[in-house]
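Hello,

Here is the structure I promised to pass on to you. Please open it first, and then read my notes below alongside it.

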Amino acid sequence: MLWKNRKYGEESPYIPAGPFKIRLPFIHYRFEWPDYVQGLLMCAVDLSAIPLLITLLGMPFEVALAIVVLNGLFYLTHHLLGDPVVPGWITPAIPLIMLYCQQFPEGPERVHALISFQLTLGILSVLLGATGLASKVVQMIPSAMKSGIILGAGLAAVISVFQIGGKFEEFPWTITIAIGIGFYLLFSKHFATFQKRNPFWGTIAKLGIFPVIIIAVVIAPLFGEAAWPTIQWGFSSPDFITLWNEYTIFGLGFPPLLMFLTGLPTVLAAYIVLFGDVLQNKVLVADGSAARPDEKIEYQPSRAHLIFGIRNAAMSIIGPDVTMCGPNWTAMQVVMIERYKKGRKAMDSFFGGIGSFRWGTNTGLFLLPIVSLVQPILGVALALTLLIQGYVSVKVGVLEARSQTDLGIAGIIAAVLCIKGAAWAFAVGIILCLLIYGKNFFKGEVDNTFSKDQEAN
């Protein structure tokens, strides 16, 4: 148990392996049982990817479950290799990926589109991480275009819930009530003050959207929008055989080269959103480190790129996933950091907290009572995730702009993105920036509309 020997201000023990730092449970970090139990419950959010896969690819529940299980196993690679994050989806990019893949007919062609997209994103991420060019690539894109892409991703997430055939038509009352409660718990200033006065509500706040999902389990049947869950005992049965025979390159062959080329604009749009998550996580980890000088936490964007790049490339081969493999799950990263701030007795090492949590979610995916409990309302869990992410993305997208002119351009790009896809959005963005900014295409303008720019000046 090497973790017991960590001295004040040191990193938690590890095995060096090039850019990676290998840490194993019980040996290099203390296993945190509270975070493990929370992970058992929060696997419900991982399971909410299943309706997406069923809708997009028409696959059976057990096959979609197999993809979720594989993705869950790859979640473990981050903390095991030294990346201090709770990894998750590239949530804001999901509507963009759905829109792109739906351009192809359902069946092998659509699966090939998803495979080529995820493999390209994985290879791009690995290359940028290995060369250290990630930040330079993003900096080359005008602020107006970055703002428009992120803003459009947020709007597309909201549209996907409320459009004809969206989840709101299936669960109108449940989604209305659940999202109202969810937004109050996550974003309300009143609740932020209230939870500090009452330990019970403070605990509820730390559970993220899980309390809302449990409420949805009860609300949906009461309004006749879903059946009461039939609790089953035993272990879940993901169907890996059908997955590999009918939804991967092992059964369908390799996608044609043209698909890799046509997907490039959407891949770049997804990467812009993904890079925003990397920057956000850097800030979150720094915040946690400032409160806990007893442990040195090292966050390296290049290492993060290597890990989630490898995850995406591997998943494209063995289980293509519309949610993609993202650098962090922001909501749970915040929850973990807040608990970490309580001191070494509460969470000895940050790696122990995030690792135990992800071991918990993986365990939960195999427990049939948990899977069967939330199965009737997975569509609601998905809608909640998309709407919350939509809220955050719109806010971040607007703040990415540096002037009112940027905002105008971003609005047009966002609308085109939602309707025509990433290729059209990039084309429109380039033309508008050229017409409006001319020789200042990359520089744009700063008119001090936003306080962040006023502080910078």
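Met324 sits in the loop that runs between α17 (301–318) and α18 (330–340); helices here are DSSP runs of H or I with at least four residues, strands are runs of E with at least two, and both are numbered from the N terminus. Before going on, please note that this is a predicted model, in which local features need pLDDT of at least 70, side-chain atom pairs count only at pLDDT 80 or more, and totals for chains, interfaces and linings use all residues. Residues are numbered from 1 along each chain as its sequence is written, and side-chain values use heavy atoms, with hydrogens and water left out.

Back to Met324: its phi is near 60°, a positive value in a residue other than glycine. Met324 counts as buried because its relative accessibility is 0% (buried means under 20% relative accessible area, exposed over 50%, and partly exposed in between, with a 1.4 Å probe and protein chains only).

Phe26 is also not a glycine, and has a positive phi of about 70°. Its place is the loop between β2 (20–22) and α1 (33–47). With 44% relative accessibility, Phe26 counts as partly exposed.

Phe254 is in the loop between α14 (249–252) and α15 (257–262), and its 52% relative accessibility is why it counts as exposed.

**The chain as a whole**

The chain has 24 helices and two strands. Its C-alpha atoms fill a box of roughly 60 × 50 × 45 Å along the principal axes. For 457 residues, a compact globule would have a radius of gyration near 23 Å, and the 22 Å of this chain agrees with that; the radius is taken over C-alpha atoms, and the globule rule is 2.2 Å times the number of residues to the power 0.38. Of the 457 residues, 56% count as buried.

Helix α3 (residues 61–80) has 17 of its 20 residues buried, so it is largely enclosed by the rest of the structure. At 1.5 Å a residue, the 20 residues of α3 should span 28 Å, and the 30 Å between its end C-alpha atoms agrees; the expected span is 1.5 Å times one less than the number of residues. Just after α3, Gly82 takes a positive phi of about 105°.

Helix α12 (residues 210–222) has 13 residues, which should span 18 Å at 1.5 Å a residue; its end C-alpha atoms are 19 Å apart, in agreement. At Ala216, α12 bends by about 25° (the angle between axes fitted to the seven residues ending there and the seven starting there). Ala216 is also among the buried residues of α12, which include Phe210, Val212, Ile213 and Ile219.

Helix α21 holds Ile388, which is buried, with a relative accessible area of 13%. The C-alpha atoms of Ile388 and Ala331 are separated by 9.8 Å, although these residues are 57 apart along the chain.

**Cavity and pocket**

How many cavities of 30 Å³ or more are there? The count comes to one. On a 1 Å grid over the protein atoms alone, a cavity is a set of points where a 1.4 Å probe fits but cannot get out, while a pocket is an open set with protein on both sides within 12 Å along at least five of seven lines; lining residues have an atom within 4 Å of a point. Grid points are joined across faces, edges and corners, and a volume is the space filled by probe spheres set on the points.

The largest cavity holds about 40 Å³ of space. Its lining consists of Asp46, Ala49, Ile67, Val68, Asn71, Tyr75, Trp89, Asp321 and Thr323. Helix α3 gives the largest share of that lining, four residues.

The second largest pocket has a volume of about 440 Å³. Of its 20 lining residues, Met98, Gln102, Ser160, Val161 and Gln163 are the closest to its centre. The elements that give two or more residues to this lining are α2 (49–57), α4 (94–101), α7 (143–162) and α21 (378–400).

Best wishes
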